[in-house]
Amino acid sequence: SVQDTANWSAEQWNYVWSANYGSPEVSLGDSRVKGHDPLTIESASLSSDGKSVALKIPQLKPVHQLRLRMRLVGADGNPLSREIHLTLNRLGPAK
């Protein structure tokens, strides 16, 4: 289930920095556009030890918020669903 990109989804957004508390969630491309930018996950591969996953996401950029969702089946056959939120400050070279 890991390699099936239909089991993965991702979206990203930024915040508008200001002196006021709170911010709308805005597009990376245009801070006047409220909302999230969907990302395409081109491929997903499981490491040989079965403990790591490499995702190929071409549009990935440094961003205030990235949400990654997965709906997989574990090695024991049980469903495994997770949602991860993170901030991406910097990207390294692609491997």
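Trainee: Leaving aside its neighbours within four places in sequence, which residues is Asn-14 in contact with?
Mentor: Pro-24, Glu-25, Val-26, Leu-28, Val-63 and His-64. Contact means heavy atoms within 4.5 Å. Keep in mind that this is a predicted model, where local features need pLDDT of at least 70, side-chain atom pairs count only at pLDDT 80 or more, and totals for chains, interfaces and linings use all residues. Residues are numbered from 1 along each chain as its sequence is written, and side-chain values use heavy atoms, with hydrogens and water left out.

Trainee: Why does Asn-14 count as buried?
Mentor: Its relative accessibility is 16%, and buried means under 20% relative accessible area (exposed is over 50%, partly exposed in between, with a 1.4 Å probe and protein chains only). So Asn-14 counts as buried. Of the protein's 95 residues, 23% get that label.

Trainee: What does the side chain of Asn-14 have at 2.8 Å from one of its polar atoms?
Mentor: The backbone nitrogen of His-64. A polar contact is a pair of N or O atoms within 3.5 Å; within protein, one must be able to donate a hydrogen and the other to accept it, and residues adjacent in sequence count only if both atoms are side-chain atoms.

Trainee: Which strand holds Asn-14?
Mentor: Strand β1, residues 8-15. Strands are DSSP runs of E, at least two residues, and helices are runs of H or I, at least four, numbered from the N terminus. By that count the protein has 7 strands and 0 helices.
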